[in-house]
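Please look over the sequence and the fold before reading on. This report covers a ligand shell, a nonpolar core and some helices.

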Amino acid sequence: MNRSNLVMLDLFAGLKGASQAMVDRGWTVYTVEILERFHPTIVGDVAHLPLLPFAVDLLWASPPCTEYTRKDLPWFRNQPEPDLRLYEATRAIITEWRPRFYVIENVRGAQRYWGRTIHYKSRYLWTDIPLLPEIIGLGNRDKRSIWGGDPLAHWKRSKIPYAISDAIAATIEAFS
Ligand SMILES: C[S@@+](CC[C@H](N)C(=O)[O-])C[C@H]1O[C@@H](n2cnc3c(N)ncnc32)[C@H](O)[C@@H]1O
């Protein structure tokens, strides 16, 4: 298998944690992110992404989680309901593009809106990759602490741990 033939599309890429292992393993990776500061392949809004002219082995999407996190906290229960538009746009892209595999990643609170799913520590994964729970295991909350001072602290807390990216890359390679 030539790994550079494997293609990943990393939507809402941020610090690109989700696709780091694929880059290291020689995949072709395209990242989409609305903030230019993260130097994605495509700077833009996922909700307005044109259909790209290549087949995708793995579509990963990490839509913003702040509103779902808030609704999961008792003192924020009276907040308005989360805006589901980016989740719905992601689902539409998956339906239209038909990637071989997909993963949508978010927080525990998103389960109230998207349905219950598997998780790895604090990362909840909606996916069609077979055997994923057995491969990455089911765990407790993430113990990493990245606080104050660091201007990128917010994004570093959102960055997907390498162990998840690597386990998913290895799984898809095994199916290729
Ligand atoms: C939860 S973070 C992603 C974390 C990322 N997976 C990582 O490993 O670092 C969500 C990202 O989505 C970006 N974003 C928010 N709205 C967006 C949109 N409409 N289109 C593209 N990116 C968006 C934010 O700037 C943020 O970097």
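The report takes the core and the helices in turn, then ends with the ligand.

This is a predicted model, so local features need pLDDT of at least 70, side-chain atom pairs count only at pLDDT 80 or more, and totals for chains, interfaces and linings use all residues. Residues are numbered from 1 along each chain as its sequence is written.

**Core**

The largest nonpolar core has 32 residues. Such a core is a set of buried Ala, Val, Leu, Ile, Met, Phe, Trp, Tyr and Cys residues joined through C-beta atoms within 7 Å. Buried means 20 or more other C-beta atoms within 10 Å of the residue's own; exposed means 12 or fewer; partly exposed lies in between; C-beta atoms are placed from the backbone. Met8, Leu11, Leu59 and Trp60 have the most contacts inside the core. Elements giving two or more residues to this core include S1, S4, S5 and H7. Helices (H or I, at least four residues) and strands (E, at least two) are DSSP runs, numbered from the N terminus. Leucine 11 touches Val32, Val46, Leu59, Trp60, Ala61 and Thr90, leaving aside residues up to four places away in sequence. Contact means C-beta atoms, placed from the backbone, within 7 Å.

**Two helices**

The expected span is 1.5 Å times one less than the number of residues.

| Helix | Residues | Length | Span | Expected span |
|---|---|---|---|---|
| H3 | 85-97 | 13 residues | 18 Å | 18 Å |
| H7 | 162-174 | 13 residues | 18 Å | 18 Å |

H3 buries Tyr87, Thr90 and Ile93. These cover an arc of only 120° around the axis, so they sit on the same side of H3. The arc is that of the directions from the helix axis to the C-beta atoms. On the other side of H3, Arg85, Glu88, Ala92, Thr95 and Glu96 are exposed. The buried residues of H3 pack against strands S1, S4 and S5 and helix H4. Arginine 98 follows H3, with a positive phi near 50°.

H7 buries Ile164, Ser165, Ile168, Ala169, Thr171 and Ile172. They line one face of H7, because they fall within an arc of 160° seen down its axis. On the other side of H7, Ala170 and Ala174 are exposed.

**Ligand shell**

The ligand is surrounded by 21 residues, each with its C-beta atom, placed from the backbone, within 6 Å. The closest are Phe12, Gly14, Leu15, Gly17 and Ser62. The shell divides into 13 nonpolar, four polar and four charged residues. Here Ala, Val, Leu, Ile, Met, Phe, Trp, Tyr, Cys and Pro count as nonpolar, Asp, Glu, Lys and Arg as charged, and the others, Gly among them, as polar.

Methods:
Two residues are in contact if their C-beta atoms, placed from the backbone, lie within 7 Å.
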